[in-house]
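Reader: I am new to this structure. Please show it to me, and then let me ask about it.

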Amino acid sequence: MALLQDIIIEHGYISIFFCLALGIIGLPVPDEILMATVGYLSSIGLLYFPLSLSISVFGAITGMLCSYALGRKFGKPLLWKYGKWIRFTTKKLEKTTSWFDHYGPWAICIGYFIPGLRHLTCYLAGMSAMSLRKYLFYSVMGALVWCAVFLSIGYFLGASFDFPISIK
């Protein structure tokens, strides 16, 4: 958490945007800890909560759109070519696509709260060729709720703890 605090304090809102966007794409960024840290820094006055929420949602949506585009462009061809190595057959791909066509919109919203699934649903939405408009609606709703919840956790619970802040 100290490293995240240092990065956010040093680089500000732009670091929140890029860390969250890259984390949503799938790089090993602890998204929930990042959001709680941003909420905490907002509670002590180093960040402005409404701007933090806006930047966080924008970063999450940017990461989700990149994942969606990658899934749409490269998802099925990669699985057709390399799926056998992870035991993902064409039949399983069709079954997964069918499931996602039926439950995908809600999986996008709820999947935000399940680490790993949040990343997978973005790629699956692109692979299943979900319309961009429908995808954006559900992903924005999920991102807004997810960011608000974890920022609020950091904001309200952070005031209860005395975390060391290293301001340079």
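**A buried charged trio**

Author: Arg-118 and Glu-32 are both buried, where buried means under 20% relative accessible area, exposed over 50% and partly exposed in between (1.4 Å probe, protein chains only). This is a predicted model, in which local features need pLDDT of at least 70, side-chain atom pairs count only at pLDDT 80 or more, and totals for chains, interfaces and linings use all residues. Residues are numbered from 1 along each chain as its sequence is written, and side-chain values use heavy atoms, with hydrogens and water left out.

Reader: What is the N to O distance where the side chains of Arg-118 and Glu-32 meet?

Author: A salt bridge is a side-chain nitrogen of Lys or Arg within 4 Å of a carboxyl oxygen of Asp or Glu. Arg-118 and Glu-32 form such a salt bridge, with an N to O distance of 2.6 Å.

Reader: How many residues apart are Arg-118 and Glu-32?

Author: Helices are DSSP runs (H or I, at least four residues), numbered from the N terminus. Arg-118 sits in helix H6 and Glu-32 in helix H3. The pair links distant parts of the chain, with a separation of 86 residues.

Reader: Which parts does the salt bridge of Asp-31 and Arg-118 tie together?

Author: These two side chains meet at 3.4 Å, N to O. Asp-31 lies in helix H3 (residues 31–43) and Arg-118 in helix H6 (residues 117–127), so the bridge joins parts 87 residues apart in sequence. Asp-31 is buried at 2% relative accessible area, and Arg-118 is buried at 3%. The parts tied together are H3 and H6.

Reader: Which residues are linked in a network of salt bridges?

Author: The count of salt bridges comes to 2. They link into a network of Asp-31, Glu-32 and Arg-118.

Reader: How many disulfides are there?

Author: A disulfide is a pair of cysteine sulfur atoms within 2.5 Å. Cys-19 is in none, as its nearest cysteine sulfur, in Cys-147, is 13 Å away. The sulfur of Cys-66 is 10 Å from the closest cysteine sulfur, in Cys-122, which is too far for a bond. The count of disulfides is 0.

Reader: Which helices do the buried residues of H2 pack against?

Author: Helix H2 covers residues 13–25. Its buried residues include Phe-17, Cys-19 and Leu-20. Contact means heavy atoms within 4.5 Å. The buried residues of H2 pack against H1, H3, H4, H6 and H7.

Conventions
Helix = DSSP H or I, 4+ residues; strand = E, 2+ residues; numbered from the N terminus. Expected span 1.5 Å × (residues − 1).
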